[in-house]
Amino acid sequence: MIKKLLLGLLLASHVVCADDGYRLWLKYDPLPDATQRANYARSAGFIAVSGNDPVLRTAASELQAGLQGLLGKPVPVIGSAAGRTGGIVLQVGSDPALNREGYRLASRGNNLVVSANSASGVLYGAFALLRQVQTGASVANLSVTSNPKVKLRMLNHWDNVNGTIERGYAGSSLWKWYELPERIDPRYRDYARANASLGINGTVVNNVNASPRFMTDEYIKKVAALADVFRPYGIRVYLSVYFPASKVVNGPGKPALKSADPLDPAVRQWWAEKVNEIYAQIPDFGGFLVKANSEGEPGPQDYGRTHADGANMLAEALGTHDGVVIWRSFVYKPAENADRFRAAYEEFTPLDGKFHPKVIVQVKNGPIDFQVREPFSPLFGAMPKTPLAMEFQLTQEYLGFATHMVYEAPMFKECLDTDTHVKGPGSTVAKVIDGSLHGYEQTAMAGVANTGSDRNWTGHTMGQANWYAFGRLAWDHTLPSDGIAREWVQMTLTRQPKAVQTITDLMMRSREIYVNYTNPLGLHHIMGYGIHYGPEPWLDKAPRPDWRHTYYHRADSVGVGFNRTATGSNALSLYTPQVQQQWENPQTTPLPYLLWFHHVPWNQTLSTGRSLWDELCVRYYTGADSVRWMQQQWAQMKPALDPEQFDDVAGRLAVQQKEAIWWRDACVLYFGRFARRPIPAPFKAPDRSLEEVKRIVDIYQLR
Ligand code: BDP
């Protein structure tokens with residue numbers, strides 16, 4: 001009786017208690033339906049696990065905590081299932097159907113068996129089983145096998161020593177460097193749990209614009225303390241490297257060098273010793289991430305060497321340690337008439353085949369820089385002898401920070417599912433990344449993290465879905481975006497079927513809506529200078545030509561857009577003929593990519609039957625109007641949601657609505673000066689002038 005009463009109270013408190021979002025998708029509140037709880041409970045009488053492997057122990061304790069919460073009853077962890085039925089058995093074995101981290105969930109007799117070829121595999125299986133229960137899926141006659149398609153599934157934190165996060169919008173860094181290694185914030189463990197639940201197995205803890213401090217003994221100790229927390233969750237730490245660290249970091253017991261030339265034996269020796277120092281403290285250290293000769297960061301080219309020379313030097317320094325060098329391809333040189341689109345391709349393709357086997361080249365999804373929509377980077381498919389990793393950005397640097405709701409999975413999938421045609425039809429970007437196209441040994445996918453010290457981790461509640469979706473897609477890029485969204489909503493926000501459907505729909509449309517009111521038809525790089533927030537298409541002064549926004553949209557009295565065909569920069573020629581064919585003719589280029597490749601006359605009729613100018617206006621206006629629709633949809637969800645989570649999103653949507661109009665007005669007023677055409681009916685011209693809108697940007701950026 002008392003037990004029933006307590007459970008009742010627990011269930012009731014779940015409905016009225018405000019949820020601050022801290023628990024992410026690992027809430028484990030009791031399932032509301034008693035029959036369902038009883039059904040699951042019949043298969044969860046115990047959790048059997050033998051041995052003391054820390055990762056296996058984590059699997060058991062996570063499963064225990066999760067099931068106890070969801071089923072509202074204790075689930076004992078025991079050493080062996082011998083002679084017992086009606087429970088869950090965790091097992092490491094040797095299963096030819098599984099790779100190193102894959103798992104199998106199977107009903108065997110009256111038990112549920114979670115098996116894998118490694119303890120990490122069992123951990124991922126345990127979380128998969130929890131997900132079944134969290135989303136109300138049946139566990140009867142269970143038969144699931146799942147293998148990760150990519151080996152290194154990692155977050156990249158752009159976190160600085162002083163606690164700030166480059167492009168972070170959810171508070172300050174999670175890592176309290178000033179307290180480490182002595183004090184371990186409990187949040188580090190919760191961070192690891194969340195990642196492990198998705199199969200993320202690596203984390204680069206510091207900014208790619210790296211401080212040399214991370215190569216000092218003092219910081220290696222701090223990083224080692226984090227690694228100790230993450231290890232039982234199957235997560236390895238990596239460090240971003242300041243390439244000339246050998247010139248600034250002393251000791252232990254020796255002064256810094258005069259050089260960072262990767263071919264200088266003293267420099268090579270310095271790195272070999274540094275690597276040994278790191279591995280002495282972090283035996284499972286994952287390796288290095290490097291941004292070199294890019295945006296002012298130093299690199300091997302400062303010594304007349306190539307990216308391959310630099311990367312290979314670090315790879316050789318890793319020696320026999322089990323680590324990798326992840327070298328970023330995000331580079332571009334200042335050159336007045338060049339097209340930044342071509343830069344990475346031109347620097348990296350000549351180096352194909354020249355990299356050490358421990359090197360992976362990490363490529364941003366598009367050729368420019370995490371814009372709201374980009375064609376896939378032409379490097380994908382063009383470096384068959386070099387493992388290429390995908391770099392996605394979860395933090396919404398160009399997608400409205402933590403204010404605008406943009407569910408990113410469809411954007412990630414759009415890139416992954418695109419056909420490069422390099423080895424005939426079906427040569428998708430995903431197949432380049434997962435190694436199946438070129439037989440890469442190393443495979444990796446990275447997401448630039450959107451986490452921070454905000455209580456709900458990501459600022460915008462809905463931002464959690466981007467972390468979630470990235471992890472799920474890094475595990476299996478064939479998962480559908482809507483399925484991932486649905487899962488996340490059920491685990492995080494509500495289990496009410498109608499609300500799950502409505503919110504999933506909202507999420508699925510959110511990115512296209514954002515594209516429409518900011519950069520429709522393939523416009524790109526017209527956001528606020530430096531801050532990368534709000535509209536600033538008029539920007540025509542900046543230290544580099546390719547930081548000016550007029551460089552990207554090229555609006556004039558004839559039309560708008562960047563001609564990247566043979567009559568322009570010819571960046572299109574970097575793709576296979578089949579891809580070129582899709583994008584070379586302005587009459588047939590799919591509208592989302594039109595202005596990426598063509599300078600299109602304002603009066604040209606598009607496939608929609610409207611002129612370019614009219615179509616642009618339709619997109620800006622309907623895009624902004626759609627945010628009202630999002631607000632309305634969200635408002636209707638109130639009864640199904642926790643009040644704090646409801647309010648958080650409702651408030652941010654209100655700002656988004658105001659700012660969608662800001663974007664719309666700025667862009668139609670600015671481009672309208674070139675097009676010299678009226679805003680088409682039924683839309684009304686903005687009731688403010690371009691000068692007024694420009695002032696908003698100035699105030700916003702405090703310039
Ligand atoms: C740009 C960001 C900048 C990063 C850079 C990078 O604005 O802060 O350092 O990407 O990826 O988009 O290195």
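Between which two strands is the loop that holds Asp369?

1. The model discussed here is predicted. In it, Asp369 sits in the loop that links strand 12 (359-364) and strand 13 (388-393). The UniProt record, an unreviewed entry, places the feature "active site" at Glu295, Asp369 and Glu397.

2. Asp369 is buried, because its relative accessibility is 6% and the cut-off for buried is under 20%. Leaving aside neighbours within four places in sequence, Asp369 is in contact with Phe330, Arg340, Lys364, Glu374 and Tyr398. With one of these, Arg340, the side chain of Asp369 forms a polar contact of 3.4 Å.

3. Glu397 is found in the loop between strand 13 and helix 11 (409-416). Glu397 has a relative accessibility of 3% and therefore counts as buried. Apart from residues up to four places away in sequence, Glu397 touches Trp158, Arg167, Tyr169 and His532. A polar contact of 3.1 Å joins the side chains of Glu397 and Arg167.

4. In general, strands of a sheet pair through backbone hydrogen bonds, either parallel or antiparallel.

5. Which strand pairs with strand 7 over 5 bridges? Strand 14 (residues 444-448) does, pairing with strand 7 (residues 152-156) in the parallel sense. Leu155 stands opposite Gly447 of strand 14.

6. How many residues does the largest nonpolar core have? The number is 231, and the residues with the most contacts inside this core are Trp271, Phe288 and Phe671. Helix 20 (residues 643-675) gives the most to this core, with 12 residues. A second, separate core has 6 residues, among them Phe46, Ala48, Ile78 and Ala81. As a general point, nonpolar side chains tend to be buried together in soluble globular proteins.

7. The contacts of Phe671 can be listed one by one. Not counting residues up to four places away in sequence, Phe671 touches Leu523, Ile526, Pro537, His553, Ala555, Val560, Trp602, Trp613, Leu616 and Tyr620.

Conventions: Residues are numbered from 1 along each chain as its sequence is written. This is a predicted model: local features need pLDDT of at least 70, side-chain atom pairs count only at pLDDT 80 or more; totals for chains, interfaces and linings use all residues. Side-chain values use heavy atoms; hydrogens and water are left out. UniProt positions are given in the numbering used here, feature names are shortened, and annotations may be inferred rather than shown by experiment. Helices (H or I, at least four residues) and strands (E, at least two) are DSSP runs, numbered from the N terminus. Buried means under 20% relative accessible area, exposed over 50%, partly exposed in between (1.4 Å probe, protein chains only). Contact means heavy atoms within 4.5 Å. A polar contact is a pair of N or O atoms within 3.5 Å; within protein, one must be able to donate a hydrogen and the other to accept it, and residues adjacent in sequence count only if both atoms are side-chain atoms. A nonpolar core is a set of buried Ala, Val, Leu, Ile, Met, Phe, Trp, Tyr and Cys residues joined through side-chain atoms within 4.5 Å. Two strands pair if DSSP finds at least two bridges between them.
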